[in-house]
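Please look at the sequence and the structure before reading on.

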Amino acid sequence: MPISFSRLNTVLESKGLNKFYLRKNGINPNMLNQILTTGNTGTKTIEKICALLNCQPGDIMEFVPDKETGDTK
């Protein structure tokens, strides 16, 4: 999974929030689960999360090269 949203939990915790805050503010629970497990989502969802948390995309996600191949593509 080259894109990781592991930073999302850190941002939520630093703001005293949790995933329920995102769900009650319009982020679909299935989409949130997909983001956290596969790293797949569209820019509109990232935009909405960033607006809710008043942060930048790089605050909630990062590129992680494939460990097996070291491939950055």
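Ser4 is buried in this predicted model. The side chain of Ser4 makes a polar contact of 3.1 Å with the side chain of Ser6. When neighbours within four places in sequence are left aside, Ser4 is in contact with Ile60, Met61, Glu62 and Val64.

Thr45 provides a second case, in helix H4. With a relative accessibility of 16%, Thr45 also counts as buried. Leaving aside neighbours within four places in sequence, the contacts of Thr45 are Ile27, Met31 and Ile35. The table sets the two residues side by side.

| Residue | Relative accessible area | Contacts beyond four places in sequence |
|---|---|---|
| Thr45 | 16% | Ile27, Met31, Ile35 |

Which residues of helix H4 are buried along with Thr45? Helix H4 covers residues 43-53, and its buried residues are Thr45, Ile46, Ile49, Cys50 and Leu53. Viewed down the axis of H4, these buried residues fall within an arc of 135 degrees, so they line one face of the helix.

What covers the buried residues of H4? The cover includes four helices: H1 (6-14), H2 (19-24), H3 (29-38) and H5 (57-60). After H4 comes Asn54, which has a positive phi, near 55 degrees.

The discussion now turns to the nonpolar core. In soluble globular proteins, nonpolar side chains tend to be buried together. Here, the largest nonpolar core has 15 residues. Those with the most contacts inside this core are Phe5, Leu8, Leu22, Ile46, Ile49, Leu53 and Ile60. The elements that contribute two or more residues to the core are H1, H3 and H4, and H4 gives the most, with 4 residues.

Not counting residues up to four places away in sequence, Phe5 touches Ile35, Leu36, Gly39, Thr41, Ile46, Ile60 and Met61. One of these, Ile46, is among the buried residues of H4.

Key:
Residues numbered from 1 in each chain as written. Predicted model: local features only at pLDDT ≥ 70, side-chain atom pairs only at ≥ 80, totals over all residues. Heavy atoms only, no water. Buried < 20%, exposed > 50% of the residue type's maximum accessible area, 1.4 Å probe, protein only. Arc of directions from axis to C-beta. Contact = heavy atoms within 4.5 Å. Polar contact = N/O pair within 3.5 Å; in protein donor to acceptor, adjacent residues only side chain to side chain. Core = buried A, V, L, I, M, F, W, Y, C linked by side-chain atoms within 4.5 Å.
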